[in-house]
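Hi,

Here is the structure I promised to pass on.

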Amino acid sequence: MSRLPCFKAYDIRGRVPHDLNEDVAYKIGRAFARVINPAGPVAIGRDIRESSPALSLALIHGLNDAGVDVVDIGLCGTEMVYFAAALPGMGGGVMVTASHNPIEYNGMKLVSAGAVPISGPTGLDDIERRVRENDLGEKASVAGRHAADDISADYVKKVLSFVDVAALKPLKILANPGNGCAGPFVKKIAAFLPFEMVMIHDEPDASFPNGIPNPLLPENQPATAAATRKNRCDLGVAWDGDFDRCFFFDETGCFVDGYYIVGLLAQHLVKMFPGSKIIHDPRMTWNTIDLVREAGGVPVESKTGHAFIKEAMRGEDAVYGGEMSAHHYFRDFFYCDSGMVPWLLVCALISASGQPLSALVAERKRRFPGSGEINRRVADPAAAIAAARRRYEADATVIKNVDGLSMEFGKRWRFNARASQTEPVLRLNVESFGDPDLVRAKTNEILALITA
């Protein structure tokens, strides 16, 4: 029997009700209890989508029928489930969310006690098999309890602990939650800050009247950029639907690629914790490595994806991990990703330096220009990567296969090409030492090769 389509490598995602529905959600709850065997209550949160309340309730019923207690934290961001699952005595957590997927989708992100991710090899494959085969075991003789709890005050306190609030300057911040879950919690956090907040698209709305909240898409960026300029803000910040990612716009409204934010935060945290380790993904690396080493830290490369990054974070006890896709991970946030901590840290850097964000990243963009991630649909990604290797390996000074194919050519340029885990798409990133023309030329050259 084929695998259920809503089960992916790291989480659960699918169309509602075709791939994911209340029956499947109930069985996931039962299977979670059987596979993970939580020693304490499981935190359940949900995003703003229309299907989320019903899926969340079905999941809770499944857990309760298996004898597992549930702490229902209601509408929240994914990182709030991580926060709750990491509290003493908790047995895990599940966030019902489709994040930035299309409106007809929903999904789940699962963690065990301590907010440790549950991916394919760490339990998700077994949960999928049990759901598919209806191998759920007997109902418990005593049902678990279902209790609601508002953890937002404790969560806000944790997020604020990453900055010295008294040292922050009275900045003007443009905030765009994209009608996802972030709006109410941005306001709760901002109540303790000396900032003037200009909010747009801040009301949670399952119809997504301003489009699916995914600020990485170029078509979703003009609204934040224009509002940042119009209101003469010091900074613009936008979030995806479940706010585990945040995206930055400088004071001119220019979108700042997540790659340069990774380097900025990595350098800052190494200075705070001298000699510490930093985890980074292999897509674009030179700027991050240069800044971390310059600050006296140790850069460590990991495969892309939250399960791999978090595993490396724990294994290395790294203070910070960053992916250019705007996932930022913090040792002091249970080695998990947060979309609220990064913007507070960037505001702290602007306050301390007296420089705008554009100035903080300008030299790094000049020294290490990059293509940004380019996606191309190809019939056979593995064959396309093999063709790129054959074309360039004679001239390469470094060849790595940590995640897809990475090739370096002295101190001139490098690229990474990797296949998507879920679709026939090749993802390409190219960067150079100070030569944007070379980036453009090599990007076009590789794209012509892989699409031939």
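Pro 17 sits in the loop that runs between strand E1 (12–15) and helix H1 (22–36); helices (H or I, at least four residues) and strands (E, at least two) are DSSP runs, numbered from the N terminus. The peptide bond leading from Val 16 into Pro 17 is cis, with omega near 5°.

A word on the basis: this is a predicted model, where local features need pLDDT of at least 70 and side-chain atom pairs count only at pLDDT 80 or more, while totals for chains, interfaces and linings use all residues. Residues are numbered from 1 along each chain as its sequence is written, and side-chain values use heavy atoms, with hydrogens and water left out.

The pLDDT (the predictor's confidence in each residue, from 0 to 100) averages 97 over the chain, and 100% of the residues score at least 70. Confidence is lowest in strand E18 (residues 374–377), with a mean of 94, and highest in strand E2 (residues 42–46), at 99.

Most residues other than glycine have a negative phi, and most peptide bonds are trans. Ala 115 has a positive phi of about 65° and lies in the loop between strand E5 (105–112) and strand E6 (116–117). Its relative accessibility is 0%, so Ala 115 counts as buried (under 20% relative accessible area; exposed is over 50%, partly exposed in between, with a 1.4 Å probe and protein chains only). His 201 also has a positive phi, near 50°, and at 23% relative accessibility His 201 counts as partly exposed.

The whole structure holds 20 aromatic pairs (rings of Phe, Tyr and Trp, the last by its six-membered ring, with centres within 6.5 Å; planes under 30 degrees apart are stacked, over 60 edge-to-face, and the rest tilted). In one of them, Phe 195 and Trp 343 have ring centres 6.3 Å apart and planes at 50°, so the pair is tilted. This pair ties together parts that are 148 residues apart in sequence, because Phe 195 is in the loop between helix H6 (182–190) and E9 and Trp 343 is in helix H11 (residues 341–353).

Best wishes
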